[in-house]
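Welcome to this short tour. Open the model in your viewer, and let us walk through it stop by stop.

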Amino acid sequence: MDYENLYIQTNLSKAVQAGLFAGILSTLACLTYDFIFRSITLFSLSPALINVATIIFASLLILLTSSIIYYLLATYLKKAGEILYVVVFIILTLICINVALHFQRSADAHSSLQFRQLFLGIIIITGLATFFVPFFAKHETVF
């Protein structure tokens, strides 16, 4: 019996797997950035808004959601949907970067600046990871 062709993936399952894989990569990159940033700057702000749990859940949920949006756009709008997906997530990433640049977390200017730098790095990493979803979803050899 040929077990290789027993399960044929749908476009939705490919998109979800692409989003989860991109989410895992994004999570690892964000955790690495967080660890290195906090080690170099000795940044610690209590209560911590950015911690391991929020990085893991936020990255995975954002990229899972982006993969479902990609699936919907690519299915119903074909090639225009892929272009629209990229444009929408470029705009969303730029909006989030703008919000991060103006976010005031603490009355202390130095702590607030360090928080913005940490938050901005995580947003950029997660925003860049959304562009891997179409790549992973379209290439057969990834999964």
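This is a predicted model: local features need pLDDT of at least 70, side-chain atom pairs count only at pLDDT 80 or more; totals for chains, interfaces and linings use all residues.

Begin with a cartoon view of the chain: its secondary structure comes to 4 helices and 0 strands. Helices here are DSSP runs of H or I with at least four residues, strands are runs of E with at least two, and both are numbered from the N terminus.

Residues are numbered from 1 along each chain as its sequence is written, and side-chain values use heavy atoms, with hydrogens and water left out.

Next, show the C-alpha atoms of the chain, which fill a box of roughly 65 × 35 × 20 Å along the principal axes. Of the 143 residues in the chain, 34% are buried (under 20% relative accessible area with a 1.4 Å probe, protein chains only; exposed is over 50%, partly exposed in between).

Now select helix α3, residues 109–129, and find I122 inside it. Is I122 buried or exposed? I122 counts as buried because its relative accessibility is 11%.

Finally, show what surrounds I122. Leaving out residues up to four places away in sequence, I122 touches C30, Y33, I50 and I55, where contact means heavy atoms within 4.5 Å.
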